[in-house]
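This report concerns the sequence and structure shown below. It treats a helix pair and then the arrangement of domains.

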Amino acid sequence: MSKLKIAVVGLGKMGLSHFAMVNAHPDVEAIACDGAGFMVDVLSKNISAPIYKDYDEMLAQTVLDAVIIATPSRLHAPMVEAALNKGLHVFCEKPFCLDWVDSERLTALAAEKGLVAQVGYHYRYVGAFAEMQRLIAAGAIGRITHVLAEAYGPVVLRPKRTTWRTDKSEGGGCLYDYAAHPLNLLNWFFGTPDQVIGSHLGQVFSESTDDEVFSTLRWNDGPTAQLSVNWSDESHRKMSAKINLIGTNGRLFADRQECQAFLRKPVEGLEGYGPGWTVKYTTELTEDRWFYLRGEEYSAQLDEFILAVRDGKTAATQNGFASATETDKTMRMIIDNAETGQPVGEARAAAPQAAKKRSWFGR
Amino acid sequence: MDKLLFGDNQFFGINHMSEEKARAQAMRFQRTDAVMQVLDTAYDAGIHTFMCTTHDRIAEVADRVKAEPARYADFQFYPCMPYAHKYANAVTEHGMVGALREFMPSGGLLATALTGATALATKEVEGIAKVLIDMEMKMFAGTKAPVVFIQNVFTDLLLGMGFTRAFRIFDDHIREKYGAEPAYITMNMPMLLEALERGGIERPIICSNINKIGFRMSGGFDSYLEALQSGRVRAVAMSVYASGAIPADEAIHWISELPGVEAIVFGASSAGNINGTKALVDKYMGGPV
């Protein structure tokens, strides 16, 4: 079988890493694309893969199977659209689109054309979080009422000049860069929240964007979640995302390394989970892929995308555009709530209860 | 190479199983005294090689070792460069070129080359690479550092991109300027070995996961065994216990029977674990370590 031709567009931090993994994939012939600059200079003299400097020119001149878009977030929507219109499968870095109206439109376009369309929310490929999702879906801890989603890390530690990652209009900032990950996991577990309240997008060192995020998210048929994220925290070596859930039958905790479950009573169909604590490690929950660069999850998401394209699938297995659109919407709700101070979305009013007369010791 | 090398993950809050344990270790080892205490235990047990990241904290360890030449007569470092998070965080903060400029001596010709006014010449790229290597090596001046590794994230990024000429630049520079053996850490050993050979680098020292259960042996367990049996690689095995999944005795016994494995690198913070691993290596891999 001939190799798939895949172009990686944007050679920044994520783009370089995607390019390295895709270029090493046995089923792929990789191409790179980035505007003129240091990386293009250096790589064009040192690697054998062709590098295009102009995206439109590349789309016009090259027969491709798929593109991987890893440009600054503002450029995602137009680049994804151009690729879909050429009939190419698309893997787009997160966040998907800064305006969720674009996200919805592109989701529909990809579906209409029957293309594999995936977004790089790699946390869904971390074994411990995937296990958490499986446990939630199996009803392991009963009705979940209490959720705490967090992410911390050392990105902006002092006042500094801006890059696109720290420019809000470009899709930078702690909300888009960091909070997007735990939010995407909450969307996976519970869907788009019905209401967002109590949001705070705070600045610590940055001038033009947020360095910390708090928010309260409500699902009418699900839990209430609190989000706490900060990228100006040097006590963490790198980004650390974690989720705590409490339900009527116990508690779940997951981070990149492990999934800890406490069940009050065992649940039918969940092998190996007795009452009390059960701990599963990401190391035992993941399998090796063709190439390892920074963690199995990065390889796994690209491998699934590539295999879906190779096998002629018409949609992504995981992280399809529709699911990333949920996260784009959730982030917009948080921004609107933080800017106006008004609740965004409707929480269904609790069923009215007849007023009860209570005495001090009445039950 | 010694048969047993002491690693440094435990000192920097790196634990593949638990962030809680990682933080507890980061707390315990934030003072260099605590690090030295463990290194002394290892040294006195006869483990004389410290394979370590070029983390800022290691500079303090190097200073201690230099300060007591009699106490640490046989102490040697195997530096592993670069400390990747330092660069990754800088790239997020400053962008690619901005980050590089951060690490370049200011005002120099290479810093000027990075202003982006003109395309970088191949020679300038080589120059920048050498300056970066020299910056990382600075802390080891005056110590014994006979083997120098590239960290796996960098090795594998270059390998994946097909930028294998960089290995040649590293190889030549480490030999010529430091009189040391260049070496490579990778998560993709069979693929790296082929790439190095294509670049004319024969029988390289490669450190990779090698363990009985094939944990994080990307490229496949069988290809690792083939590469080892072929005699084309001088292997250093890491993750021999597969993060605790394999009992120590069984793990070391299995490794000892593999051809091509010249050394094991392991990290530990208790005297019990240090002496335990040392005893097993003596038992199965024989002779003085």
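## Helix packing and domain contact

In chain A, helix α7 (residues 174–190) and helix α10 (residues 321–340) have axes that come within 9 Å and cross at roughly 120 degrees. Axes are lines fitted to C-alpha atoms, for helices over the stretch in contact, with angles from 0 to 180 degrees between N-to-C directions. Helices (H or I, at least four residues) and strands (E, at least two) are DSSP runs, numbered from the N terminus. α7(A) and α10(A) are therefore oblique to each other, a class left for angles that are not under 35 degrees (roughly parallel), over 145 (roughly antiparallel) or 65 to 115 (roughly perpendicular).

This is a predicted model: local features need pLDDT of at least 70, side-chain atom pairs count only at pLDDT 80 or more, and totals for chains, interfaces and linings use all residues. Residues are numbered from 1 along each chain as its sequence is written, while chains are lettered from A and ligands numbered from 1 in the order in which they are written.

The domain assignment, automatic or from a database, divides chain A as follows.

| Domain of chain A | Residues |
|---|---|
| Domain 1 | 4–122 + 306–310 |
| Domain 2 | 124–291 + 321–340 |

Taken over C-alpha atoms, the centres of domain 1 and domain 2 of chain A are 26 Å apart. In contact (C-beta atoms, placed from the backbone, within 7 Å) are 22 residues of domain 1 and 20 residues of domain 2 of chain A. On the domain 1 side, α5 (100–113) and β6 (117–119) of chain A each give two or more residues, and α5(A) provides the largest share, 6 residues.

Definitions and conventions. Two residues are in contact if their C-beta atoms, placed from the backbone, lie within 7 Å.
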